[in-house]
Amino acid sequence: MCFHMTQVQVEEKKPEYKIVRYSPWLVHFNTGACNGCDIEVLASLTPLYDPERFGVKLAPSIRHGDILVVTGAVTKKAAERLKILYEQMPCPKFVVAVGACAVDGGVFYKSYSVVGGADKVVPVAVYIPGCPPRPEAILDGLVKLLEAIKKGEVEKHGCGDGQTQSS
Amino acid sequence: MSKVVEIPIVTTEVPIGPQHPALHEPIMLKVYAEGERVVRVEINTGYNHRGIEKLCEKNSFYRDIFIVGRVCGICNAVHANVYVRALEQILDLYPNKRAQYLRVLAMELERIHSHMLINAVMAEIIGFETLFMHIMLDREKVMKAKEILTGGRVMADYMMVGGVRRDIDEEKRSRLRDILLKLKPRVEYYKKIFEEDETITKRLIDVSRISYRDVTSHGLVGPVARASGVKIDSRASDKYDAYGEIPFNVVTRNEGDSWARMMVRWDEVLESIEMGLYILEHLPSDGNPVPDEKRLPRKFPPGEAYTRVEAPRGELTYYVMSDGKGQNPYRVKIRTPSVNNIINSGFMYLEHSLADVPVILASLDPCISCMERVTVVDLEKKTSYKVHLKDLAGGRV
Amino acid sequence: MAVEMDKHSLLESFSIGKGVVKPNRKVYIVEPGSIKKIFHALIEKYGYESFYLSTLIGTDLKDEGKIRLDYYVILLPEEETIVLRTHLPRENPVIDSIIDILPGALAGELETHDLLGVVFNGNPFLKRGAFVPSDLVEKGVYPLRKDSGV
């Protein structure tokens, strides 16, 4: 991973991310998935894999969420919902795409009903490929996201500088 | 009409104000209540529509095996199996006995994990969280068994035309046997809890009792039908793969209420464990269950096949038509059991209280990971608020 | 067994042709107008408990100018699968809905209408966009038709 951020930019971004780095709360959103990734996300939040040692928990509502976990090949009907949900989240906020379908549409990318990937609708910070990815892989992706946030290295987000979309 | 309850397909908040909602999001179940009594139900669809049938027409017959496995992650083995059997009918090419036994083992392991999942969810909905955690922990054993057999915890990708993708050796066979033997007393314990514990029996018994005629006239299938005495099971009628040789019972009950629907599932888990043990004991050795992929025909003759399989949720059917002109199918039609069970079941909620709605919904075994938060619009007080499905079930609405 | 033979002869009395769908499903080819009569007769003579409608499959036979509808019925208690097959003209695929006598037909009729454009007269729940996304509905596209362009 290679980040071209100057020292000044890192200093400016750091205070915002302090909130997220200590206890990030997850919101899970299914945009038309087969439920394979959903049950693995559900499994990764159980005591067997112990996500709470990283401070990761399920948020009670969208307004308390820090990290949006997206599963599913984003169907056209779900795309509008995803955008509204993302806009409702308070900053700072980051999106994690779990599963091959959320990464780029998976096996469904040519379908008439599918937009094809969460990054066509919202800026995605971390991609976790797999069909479905194991709970260990999901936690690994989340931990990598948290470490990148701590170093102020995450560029793709929808807050600050008037940005609302990634490239 | 004093209350309207909307059960969404997705876990999201809908920003609706105190007036009648202007923003309609795709909700699966919209329940109209007079006080606590349900008077009308609307069921909506289409949120998960990924255009799979059209996609299957654009890909070759063999590629479609991977696409149809991803229709449902929870029951992917049965989807792949019924599609592959339709292809085998068109090609007139059949797997050997060892492959058939291994296929049945994969499908029965899937039945066990799916039934345990929905029973755990039902326990969670009525507030019995400890039981939810315990069942989910024991379910991890089944996920391990699935991984040993097929190579994947969730997505099996195990079926192929003419057989299965991998064989098992003696060590795997004994590991699988150990897991099933450890699982059996746990499942018997859970079944006893569902029979005796008042937390459960008080919430499930007598809730939405449906008759034999209700089931057949609405086309309901699976455990929902068998709990009302309708003895339908694709395994017993079509006797596909090795089901003609492996002894098992079709579990039915006569009560027809939500409790019976869950008990049928526990009994089926016990049947599946017995079948798994029988398979591991009597695995035939009539050759390699993995066919040679290079020898499989590339050109399909014209023909049509309609195959059925008993998925954990009910009768799942595939229709495949080949026009003999290319490498892609002309038509693939998938009818999942949930399409019949969910869309045709609106009548089951009427005249029940709001708190029973989540219980009835869970007893039908929909894809419940998609539905958690419920919107209640109180038309008298002109307010709307969000509650968890659990709170609706607990009467805190 | 005798009751089963009666059901088959009832179906045969309406059929204008026969066939087989693999592995062994008997197909009775009937006129579109007979579909509702057949279900009515089954219910009158044998009751609701004697069968259920498993699925309704529509297929676009573009080269023949027809849309084919297959009603897959499971006869009880033997659990035997039979097919009622009928053809509608592709330019105007209209047939009577059976939802008033058989509520279980709702799922199949909704789907066949939205994806293929078959009109089931008398079904008040039919609507476009039940499954298909709104941008295709606005263009009037039925995705499963062979000339839909999707």
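Two residues are in contact when heavy atoms lie within 4.5 Å of each other. By that rule, the contact takes four residues from chain A and 10 residues from chain C. The model is predicted: local features need pLDDT of at least 70, side-chain atom pairs count only at pLDDT 80 or more, and totals for chains, interfaces and linings use all residues. Residues are numbered from 1 along each chain as its sequence is written, chains are lettered from A and ligands numbered from 1 in the order in which they are written, and side-chain values use heavy atoms, with hydrogens and water left out.

**Interface of chains A and C**

- The size of an interface is often given as the accessible area lost when the parts come together.
- Buried area here is the accessible area (1.4 Å probe) that two parts lose on being put together, summed over both.
- Chain A and chain C bury about 520 Å² between them, and 60% of this area is on carbon and sulfur atoms.
- On the side of chain A, Lys76(A), Lys77(A) and Tyr112(A) supply 90% of the area buried against chain C, more than any other three residues.

**The sheet of chain A**

- Helices (H or I, at least four residues) and strands (E, at least two) are DSSP runs, numbered from the N terminus, and two strands pair if DSSP finds at least two bridges between them.
- Chain A has an open sheet of five strands in the order β2-β1-β3-β4-β5, with parallel pairing.
- β2 (57-58) and β5 (126-128) of chain A each have a single partner strand, so one side of each is left without a neighbour in the sheet.
- Two bridges join β1 (residues 25-30) of chain A to β2(A), and these strands run parallel; Trp25(A) has Lys57(A) as its bridge partner.
- Five bridges join β3 (residues 67-71) of chain A to β4(A) in the parallel sense, and Leu68(A) has Val95(A) as its bridge partner in β4(A).
- A residue is buried under 20% relative accessible area, exposed over 50%, and partly exposed in between (1.4 Å probe, protein chains only).
- In β4 (residues 94-98) of chain A, five of its five residues are buried.
- In a regular strand the side chains alternate between the two faces of the sheet.
- In β4(A), Phe94(A), Val96(A) and Val98(A) point one way, Val95(A) and Ala97(A) point the other way, and all are buried.

**The sheet of chain C**

- Five strands of chain C form an open sheet in the order β1-β2-β5-β4-β3, and the pairing is mixed.
- The edge strands are β1 (17-21) and β3 (51-61) of chain C, each of which pairs on one side only.
- From one strand to the next, the twist averages 25°; axes are lines fitted to C-alpha atoms, for helices over the stretch in contact, and angles run from 0 to 180 degrees between N-to-C directions.
- β1(C) and β2(C) form a hairpin with three residues between them.
- The strands β1(C) and β2 (residues 25-29) of chain C run antiparallel and are joined by five bridges.
- Within this pairing, Val21(C) has Arg25(C) as its bridge partner, while Val20(C) stands opposite Lys26(C).
- Helix α3 (residues 106-116) of chain C lies across β3 and β4 (66-75) of chain C, and runs at about 10° to β3(C).

**Chain B and its aromatic pairs**

- Chain B holds 14 helices and 10 strands, and 67% of its 397 residues count as buried.
- Rings of Phe, Tyr and Trp (its six-membered ring) pair if their centres lie within 6.5 Å; planes under 30 degrees apart count as stacked, over 60 as edge-to-face and the rest as tilted.
- Over all chains, the structure holds 12 aromatic pairs.
- One of them is the stacked pair of Phe61(B) and Phe300(B), at 3.9 Å centre to centre and 15° between the planes.
- This pair links distant parts of the chain, 239 residues apart.
- Phe61(B) counts as buried because its relative accessibility is 1%, and Phe300(B) counts as buried because its relative accessibility is 2%.

**Charges over rings**

- A charge sits over a ring if NZ of Lys or CZ of Arg is within 6 Å of the ring centre and within 35 degrees of the ring normal.
- The charged end of Arg85(B) sits over the ring of Tyr240(B), 3.9 Å from its centre.
- In chain C, Lys7(C) lies over the face of Tyr46(C), at 5.6 Å from the ring centre.
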